[in-house]
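This briefing covers a predicted model.

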Amino acid sequence: MLHVLYCLKLFKMRQFIVEKQKLKNGLIELIGKDFRYLRQVLRVKKGDMLNVRLDDGSLQSTTVACVDDKTKTITLQICDGVVPCDVNVGASLPGSSITRGTQATEIKNVFSDREFVLFQFIPKPQKFELIVRQATECGINMIVPVVSEFSDANCARMFEGAKRERFERIIKEARQQSGSPVATKIVEPMRLEQAIAWWAEQGVADEKLSVALWERTDGETPLFSLIKERKIIKNVGIAVGNEGGISPSEIKLLKEKGFFSTIHFEGNILRCETAALYGIAAVQSAIFQLREPRKKSVFRGNFEKCY
C-alpha cells in the first residue's frame with residue numbers, strides 16, 4: 001500500500017517549489033522537509049532531473065548533483081545552456097526525470113496579464129483547505145478569507161501559527177502537482193466591509209470584473225454580458241459564500257459598496273467547496289473564450305453558439 005502511495009505522488013509532481021534564497025552559485029541545497037520529501041517519498045538519486053520553480057516565478061531545470069544521507073542534504077545543480085539537462089552530473093549512468101507527465105515547462109500561464117482574487121467567505125477548516133488547494137491549482141493569485149454572517153465565531157483562528165503554515169504547505173503541494181506558475185497567497189481574514197475597501201484599492205475600477213456567486217436569480221447579470229461590456233479586464237474578483245451561502249444583506253453590501261454583480265448558475269445548489277471551484281473555472285473559461293485571440297475552431301464555434 002505504501003509503495004502505491006509513493007508511485008502516485010511521484011507521477012503527480014510537475015515541479016518542485018524552492019525559495020530563491022536557497023539558490024547560490026548555480027546550486028540549491030535542500031534539507032529538512034524538502035530532503036525527506038525528495039529522498040523518502042520520491043526516492044531521488046544522483047543524476048535525476050526535475051523542474052524547480054523559484055518563488056520569483058522563474059522555472060529552472062536542475063540535476064541532482066549530490067545526495068548525502070549522513071547530513072541529510074540534497075544538492076541540485078541548475079542546468080544552463082552549456083550543460084544540458086540530459087547530461088548526468090557526476091554519475092555514471094543517465095538519470096531519470098522525477099517530474100512526470102505534462103511538464104511545467106509546457107504549461108502556459110494564459111492569464112499572466114490578469115490577477116484573480118477569490119473572496120471566500122470562511123467555511124469550516126476542512127472545507128477551506130480543499131478550496132485553497134483547488135484555487136491554487138486554478139491559478140488564483142490571492143485568496144481573501146471573509147468573516148461573514150454564517151462563519152463560526154472563532155473562524156479567524158484557523159489562520160494563526162501552525163494552522164497558517166499548513167495552508168502554505170497545501171499551496172506548495174498544489175502548485176507542485178499542477179505545475180501552476182502563479183504564487184498563490186492567502187491574506188489575513190477580513191470582515192466584508194474591510195474586504196470591499198481592500199478590493200477598491202486594487203487596480204483600476206474600469207478594468208475590474210467583480211462577481212458574486214448567488215443561489216438566487218434576483219438581479220443577476222449574465223456572466224458573458226459582464227465580460228463583453230468591458231474593454232479591458234486586468235483584475236477579477238470572485239466572491240463565494242460558505243455554508244449557508246451569502247446573505248441578502250451581504251449581497252446588498254457587495255453591490256452597493258463593492259460594485260459586485262451577482263451571477264447565478266442554473267442547476268443544483270452546490271456545496272461551498274464545489275461552488276468555489278465551479279465559479280473559478282466558469283469565470284476563467286468565459287474570459288478565455290471571449291477575450292483571448294485564438295484561431296477559430298469547431299469547438300470554439302459551437303461553444304459560442306450556446307450563448
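The points below take the sheet and the helix across it, then the nonpolar cores.

In this predicted model, six strands make up an open sheet of mixed pairing, ordered S1-S4-S5-S6-S3-S2. The largest nonpolar core contains 36 residues, and a second, separate core contains 20 residues.

**Sheet**
- The edges of the sheet are strand S1 (16-18) and strand S2 (23-24); each has a single partner strand, so one side of each lacks a neighbour in the sheet.
- S1 runs parallel to strand S4 (residues 49-54), and three bridges join the two.
- Isoleucine 17 is placed opposite arginine 53 of S4.

**Helix across the sheet**
- Helix H2 (residues 32-41) lies across S1, strand S3 (27-30), S4, strand S5 (59-68) and strand S6 (73-78).
- The angle between H2 and S6 is about 85 degrees.

**Nonpolar cores**
- Within the largest core, Leu209, Ile238 and Val283 have the most contacts.
- At least two residues of this core come from each of strands S7 (115-121), S8 (142-147), S11 (208-213) and S12 (235-240), and from each of helices H3 (125-137), H4 (161-178), H6 (223-228) and H8 (272-291).
- H8 gives the largest share of this core, six residues.
- Leucine 209 touches, among others, Trp199, Leu226, Ile227, Ile233, Val236, Val283 and Ile287, leaving aside residues up to four places away in sequence.
- Arg230, Asn235 and Gly237 are also among the residues that leucine 209 touches.

Definitions and conventions:
Residues numbered from 1 in each chain as written. Predicted model: local features only at pLDDT ≥ 70, side-chain atom pairs only at ≥ 80, totals over all residues. Heavy atoms only, no water. Pairing = 2+ DSSP bridges. Helix = DSSP H or I, 4+ residues; strand = E, 2+ residues; numbered from the N terminus. Contact = heavy atoms within 4.5 Å. Axes fitted to C-alpha atoms, helices over the stretch in contact; angles between N-to-C directions. Core = buried A, V, L, I, M, F, W, Y, C linked by side-chain atoms within 4.5 Å. Buried < 20%, exposed > 50% of the residue type's maximum accessible area, 1.4 Å probe, protein only.
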